[in-house]
Every structure is written in structure tokens, then in C-alpha cells.
Amino acid sequence: MTQLSVIGTGYLGATHAVCMAELGLDVVGIDVDAAKIAKLSDGVVPFFEPGLEDMLRKTLDTGRLRFSTSYDAAAGADMHFVCVGTPQRKGEFAADLSYLESAIASLAPYLDRPCTVAGKSTVPIGTAEHVAAYVAAHAPAGAAAEVVWNPEFLREGFAIDDTLHPDRLVFGVSSQTGERALRRVFAPLIDAGVPVVVTDLATAQLVKVAANAFLATKISFINAMAEVCEATHADVKKLSEALSYDDRIGGRFLHAGLGFGGGCLPKDIRAFMARAGELGVDQALSFLTEVDAINQRRRARMVDLARECVDDAFRGRRVGVLGAAFKPNSDDIRDSPALDVATRIHRAGAVVTVYDPAALDNARRDYPDLDYATSAEDAVADADVVLHLTEWQEFRDLDPHRLAERVRQRHIVDGRNALDARRWRDAGWHYRALGRP
Ligand code: UGA
């Protein structure tokens, strides 16, 4: 049976390890974080991802999946997937590659026979080539331990589906051996009709950052239109609906609101710009500076709308915040637009109480100055204004009449254009939204 190691069991690696075991492969997941490995070994997923824990338990029971803190466990595997994080460097735009470098340095001594090292992490273009040179120089098997790049496109909240039913597979290879090895591992998906794009290493690395840059641009495009709507009393939601019927444009990632956050889109466009600068093609990506700026301006606009609701002064006012995660169906608060807005308003003197269905623990840990509640009703108690900042279904389902009894003033600002404006207005609320009259 084909044996795999998955190095790094964070969001991407844990999902990948579980899904590969689900496909029938023999998998060991490796991470230097002992607490994470202990949890995974016990069948506990250390983050929020619908369906993943059930699949983890099921695959652990088959005996095909195990976890270890030791790279020894990777020895003998046919393919090693490298799934470690590449966060933004502190104070810079560029990506921090230290986890990747240390994973490769730890893995190399165990590569003592022909095998494949498949990079999945999002990296600056050129990284794969460096990794290949390092492996060729330091692995006992030398260049017979072949480095390929297989970027990952999964979205949080849809991680299993995106892994087992991806839109496409991208195989960045420098030989037919590498391509054959990837085709073997992904055979069940390829047999099910998933398209495969075979490229060189550079193109495969570029596909990933280009995809995220495009998605960020699409979101900022519609958010730029929202700014124009605000100046003209037009309705960005209707605008986006009308645009979406044009197949060339499409409606996905065209939802105007508070903009993008998370551990990927913001840092990936910045790292992409930094790398373009190093490559001497910074002009080609200068538009991404504007994409980033539009995204930041939405947060400032949200604060302004909230301020208007409290007669231009936050001091001493109570603000109820619905949402902390960077998007629904996730407990991830990295670069969360919701918590950014909540913090700005807190610093301006308001008492800000936040509720989120999944991200409260993470928010409490990283934003200890904010107040927290364990239900939407409690978060809005005596509020002068309510802000809807992450579009969980639970918030769409709220009863505006019931909530009205809890607040001091019926002001709601919908930062995600996801609530039913008429329902809220009919219940006596003063409803405002980004990009809409
Ligand atoms: C993103 C990409 O969508 C994945 O394809 C990619 O694999 C992943 O990054 C990654 O690089 O690992 P993710 O960060 O999970 O996935 O989140 P998205 O669903 O892309 O949402 C990103 C942000 O954009 C969220 O804050 C969301 O609220 C916002 N968004 C999304 C909008 O503001 N409007 C939209 O129309 C869509």
C-alpha cells in the first residue's frame, strides 16, 4: 500500500492526512506540537471544521492513520506532503519560511530511498526550487528524493469537500517520475473526473498565489463598487446580483461587505507583492496595493456607520457585536475583520460585547480587552447599536422582534449584507448596511 507522511498537522495538514486515509492510503501525520498530535491521536480536531472529527475517528479506527511528533515515523514513506504554515513576517509583507525550512531540514535525513516530497504550503515562487536543491544535497537518496509542488485550494469550512472533490489538481513537476507518483496517490480523484493540470514547479507555485490574488481582487472590486454606491444611493447587493448573471463575471466572491480576512488572502497578496518586488516585476502587481487598501477602508467605513448610530461619540456607549471569526463556519480569527472593527470601536471608548458561535475561545485569548457573551441575546443587552460582522446562519435566523426587547436603541449595521433588511425594518429597527441605502 502507498505510504504517505504529512508534515505539519495544522488546518491544511490535518485535513489532508485524514482525507488521504479516507481514500485508502496509509498515512502518518507529523507535527512538532505535541499537544496537537495528542489530540489528533485521540480523535479530537484542534480547530473547528464541520465533519472533520467524524472522519478523523473513522480513519483512526481503520488503522490507516496515525500521528507522531517524531520524523522517524516518516521514514520509508513513498510521498511526503509538506503542509506547514507560511505566515506573514512580523513588520514585513514577505512570507516567513522558517517552518518550511525547519520541516525540510528535519525530514531530509530520513529520505534514504527514491520517494517524492510534495510541497503543499503556499510559498513565494522559487521556494520549491530551493527545497529541491536542499533535498538533493542533504537527503541520503540525493535527487532520487524528488521535490514536486501540489498547491492546495481548500477553504475553511469546506475543507473535506474541497480536498476530496477539488475543482482541479495542479501537479508541478520536473520529471515524469514525479508526475506518475502524484497520479498514483490521487488516482481515486482523477478516476472520478477531477481535471489535472501538469506544470513546471514555478507555474504550480504561481497558480496558488494567483488564485488567491484573483479572489481578493474580486472581493475588493465589488467593495469598491460599494463605495461608489454609498456616494450615489445605489444598492451594491442588487448591482452584484445583476452582474452575477453574466457567466463571464459570475456571482461567487462578489459579496460586498466588510471584506476579506483570514490566514490566507491578506497575507498571500502581500507576500506576492513582496516577491514580485524581488523579481523586478512589482509594477505588475501594484494593483494589489489598492486591493488591500479597499479592503481596509471597508473596516473604517463600518466604524463610521456605527459611530453615526451613536450620535458621533462612542464613549460610554454599548455596542453589541455579532461575529468574531473571519468568516462563518470557522473558529479562525486570524486577521478577522470583525475583531478589527470591534477593537477600533473599543479603543474609541465604547463597551463592546462580542458573541460568536465558534470563535469565542480564540477571541478571548487574543483580544482580552473586549467583553464577551455566550449568546447573541446577551451580546446585544442594552446595546446602543448592534453590528453584524460575520454572517453565521444563526444570525440570519435571529428574530428581530425578540432582539428588539434586549437593546437600548434599535440600530443595526449589517457588515455582511446578509440579513433580511425588510424583516429588521418591519420590527422597528434602523437598519444600515455597507454599500446600500
Ligand atoms: C482562501 C481561498 O478561498 C482558498 O481557495 C485557499 O485554499 C485558502 O484561502 C488558502 O490559501 O489556504 P479561506 O481563507 O478559507 O480560503 O476563506 P475564503 O472562503 O476564501 O474567504 C476569505 C475571506 O473573504 C473571508 O473573510 C470572507 O468573509 C471574505 N469574502 C469572501 C468576502 O468578503 N466576500 C466574498 O464574496 C467572499
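User: What should I know about the model first?
Analyst: It is predicted: local features need pLDDT of at least 70, side-chain atom pairs count only at pLDDT 80 or more, and totals for chains, interfaces and linings use all residues. Residues are numbered from 1 along each chain as its sequence is written, and side-chain values use heavy atoms, with hydrogens and water left out.

User: How many helices and strands?
Analyst: 18 helices and 14 strands. These are DSSP runs: helices are H or I with at least four residues, strands E with at least two, numbered from the N terminus.

User: How much is buried?
Analyst: 54% of the 437 residues. Buried means under 20% relative accessible area, exposed over 50%, partly exposed in between (1.4 Å probe, protein chains only).

User: Now aromatics. How many pairs?
Analyst: Six in the whole structure. Rings of Phe, Tyr and Trp (its six-membered ring) pair if their centres lie within 6.5 Å; planes under 30 degrees apart are stacked, over 60 edge-to-face, the rest tilted.

User: What is the geometry of Phe81 and Phe186?
Analyst: Edge-to-face, with centres 6.0 Å apart and 75° between the planes. Phe81 is in strand S4, Phe186 in the loop between helix H7 and helix H8, 105 residues apart. Both are buried.

User: And how are the rings of Tyr355 and Phe395 placed?
Analyst: Their centres are 5.9 Å apart and their planes at 70°, so this pair is edge-to-face. Tyr355 lies in strand S10 and Phe395 in helix H16, 40 residues apart in sequence.

User: Is Tyr355 buried or exposed?
Analyst: Buried, at 8% relative accessibility. Phe395 is buried at 0%.
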